[in-house]
Amino acid sequence: MYRSGPCGTWSLTGEEMDGDDCNFPPDSSDDHSQRGSVASSATLLRAQDVLVYICGDSAVHLTLEGLGSVSVQELGRSVREALHIPDTAQDAFAFWLCSPLLELQLKARHQPYKLCRQWQDLLYRFTEASEEDISQDEPCLQYRRNVFYPKSKELQIDDEGVLRLLYEEARGNILTGRYPCDPEHWTGLGALSLALDEGTGLDGQQFSTTLRKKKLSSFLPAHVAMGTGGLLSTLRGKSNRQTGLEQKLMDEYRKIIPPAGNSAEPTQLLHQYLNTCHTLPYYGCAFFFGEIDKPAQGILQRAKRKAVNVGICLEGVYVMDVKEKHVLLGLHFNELSWDHSYPEEQGDSHILWLEFDGDEDGTPVNKLLKIYSKQAELMCGFIEFCVELKSVSEGGAAAEMDGEGGRSPQPAEQDGSNKNAREGRRGMLRRQSSVVCSRVHSLNTISYVDNGKEIKRLKPKRAASFFTRQVSAPSYSAVQVAESLEQG
């Protein structure tokens with residue numbers, strides 16, 4: 001959130017966003033854009049106080065001149081200097097405009113002040129929030145992990161300050177359930193957090209005292225620490241459950257203590273925490289909100305929808321149940337095709353379409369998942385950019401291997417690799433004890449036949465994609481929605 005000086009005031013600008021500079025495309029509609037007055041040049045040119053928030057409930061306080069025209073690139077230099085971030089890690093972070101209603105990563109040429117003044121316009125376009133909520137919502141400017149920063153580079157970072165920033169963000173996502181994880185993950189991560197906060201030398205009494213003071217929710221996901229409040233919790237008793245969680249946390253904490261009794265180095269603990277998070281496929285994702293259809297429970301039951309978070313990163317797309325904190329669908333880019341569609345009539349929804357391979361009673365089928373969201377256009381563009389970026393990086397890696405005398409994989413080898421990956425994924429679908437594994441059987445998807453003109457719940461034989469794809473196209477591609485799609 002921008003903070004003005006004692007005598008400063010903020011007013012709104014009517015300047016339009018440049019579509020070439022935005023991760024979010026411009027809107028031709030001006031229904032909600034006739035707002036405010038243009039800030040005076042004198043106000044924007046004089047020194048202004050700015051708070052840039054970082055994960056962990058802290059902020060960087062800057063005083064800048066000409067705030068109205070300051071770009072992300074210029075602002076980044078000031079923040080990196082204040083946080084002592086080395087040049088080797090400058091690409092690890094990016095600026096975000098965030099609120100409970102919307103999160104957007106900014107590009108280097110964006111001017112945060114102007115986008116902040118257009119925040120209500122963005123909320124009207126990309127959220128279903130009410131006018132009252134939109135009028136009261138205010139974004140904050142955050143400095144946090146860059147979605148497009150590879151995890152392989154993150155593993156090479158040794159600077160403790162940079163690792164701390166990455167750790168605080170990952171920890172927040174674990175504790176809030178944004179990163180679903182299994183017990184073996186959240187107990188180990190909780191123990192590492194405790195060791196980073198209190199050291200590795202606590203005895204049993206000190207451990208218990210610390211937990212009573214800081215509470216379990218400081219180290220374990222909120223839905224785990226607080227419990228579901230259901231019948232099981234009532235029968236076993238809340239105190240028994242808390243005792244069990246404390247014991248598991250203590251067991252993991254004792255594993256961290258070095259054999260010689262020396263304290264572990266903070267950078268070592270930070271690396272362990274981040275390495276564990278890297279095993280979660282959605283680590284580092286940008287998240288979007290949407291809804292999917294619930295499977296019908298009966299003929300007379302009215303169709304309902306389930307709230308989901310859609311995580312998108314350089315590796316793929318992950319659809320997660322907001323309430324249950326588990327993965328519903330996880331796909332690498334070479335396992336899916338996608339597109340988005342606009343509402344055709346009043347009351348229709350924006351839709352992100354995901355197509356992937358599945359099966360019905362042992363028969364291979366193509367499946368379509370509809371994700372209803374006003375952020376569908378954002379998600380589609382984000383996927384396209386990730387695919388292009390990944391393609392460029394893989395092309396560079398292949399060229400480097402050729403230069404070293406290595407042999408690039410042949411198409412047949414690639415197909416075999418993809419096949420094995422998919423067979424492995426389908427094998428994991430049966431392991432429902434893990435929150436990380438997909439639950440395709442619980443999704444209300446569309447299966448179809450032939451070229452998509454006839455949509456059925458099951459097709460008798462393997463068919464081509466519902467979307468129009470050329471044989472020579474890559475294994476992943478942006479696709480065009482067929483005319484009959486909206487009728488599905």
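User: Which residues of helix α4 are buried?
Analyst: In this predicted model, they are W119, D121, L122, L123, R125 and F126. Buried means under 20% relative accessible area, exposed means over 50%, and partly exposed lies in between (1.4 Å probe, protein chains only). The model is predicted, so local features need pLDDT of at least 70 and side-chain atom pairs need 80 or more, while totals for chains, interfaces and linings use all residues. Numbering starts from 1 along each chain as its sequence is written, and side-chain values use heavy atoms, without hydrogens and water.

User: What makes strand β8 largely enclosed?
Analyst: Six of the six residues of β8 (residues 316-321) are buried, so β8 is largely enclosed by the rest of the structure. Both faces take part: G316, Y318 and M320 point one way, V317, V319 and D321 point the other way, and all are buried.

User: How do you know that β8 pairs with β7?
Analyst: Two strands pair if DSSP finds at least two bridges between them. Five bridges join β7 (residues 305-312) to β8. They therefore count as a pair, and they run antiparallel. V310 stands opposite V319 in β8. A hairpin of three residues connects β7 to β8.

User: What makes β8 and β9 a pair?
Analyst: Six bridges, in the antiparallel sense, link β8 to β9 (residues 326-332). M320 stands opposite V327 in β9. These two strands also form a hairpin, with four residues between them.

User: Which residue in that turn has a positive phi?
Analyst: K325 does, at about 60°. The value is positive in a residue other than glycine. K325 sits in the loop between β8 and β9.

User: How many bridges pair β1 with β2?
Analyst: Seven bridges pair β1 (residues 48-54) with β2 (residues 58-64), in the antiparallel sense. V52 stands opposite V60 in β2. The hairpin has three residues between the strands, and G56 in the turn has a positive phi of about 105°.

User: Why are α7 and α8 called oblique?
Analyst: α7 (residues 160-175) and α8 (residues 183-198) pack at about 135°, with axes 12 Å apart. Axes are lines fitted to C-alpha atoms, for helices over the stretch in contact, and angles between N-to-C directions run from 0 to 180 degrees. Under 35 degrees is roughly parallel, over 145 roughly antiparallel, 65 to 115 roughly perpendicular, and the rest oblique. The two helices are therefore oblique to each other.

User: Which residues make the contact of α7 with α8?
Analyst: From α7 come R164, Y167, R171 and I174, and from α8 come L189, S193, L196 and D197. Contact means heavy atoms within 4.5 Å.

User: Why are α8 and α9 called roughly perpendicular?
Analyst: The axes of α8 and α9 (residues 204-214) come within 12 Å and cross at roughly 95°. The two helices are therefore roughly perpendicular to each other. L194, D197 and E198 in α8 meet F207, T210 and K214 in α9.

User: Is F148 buried or exposed?
Analyst: F148 is buried, because its relative accessible area is 16%. F148 lies in the loop between β5 (140-145) and α6 (151-154). Beyond its neighbours within four places in sequence, F148 is in contact with Q105, L314, F382, F385, C386 and L389. F148 and C313 are 165 residues apart in sequence, yet 7.2 Å apart in space, C-alpha to C-alpha.

User: Is K215 buried or exposed?
Analyst: K215 is exposed, because its relative accessible area is 55%. K215 lies in the loop between α9 and α10 (222-226). Its phi is positive, about 75°, although K215 is not a glycine.

User: Where is S349 found?
Analyst: S349 is in the loop between β10 (336-341) and β11 (351-360). Leaving aside neighbours within four places in sequence, S349 is in contact with R305, S341, Y342, P343 and Y372.
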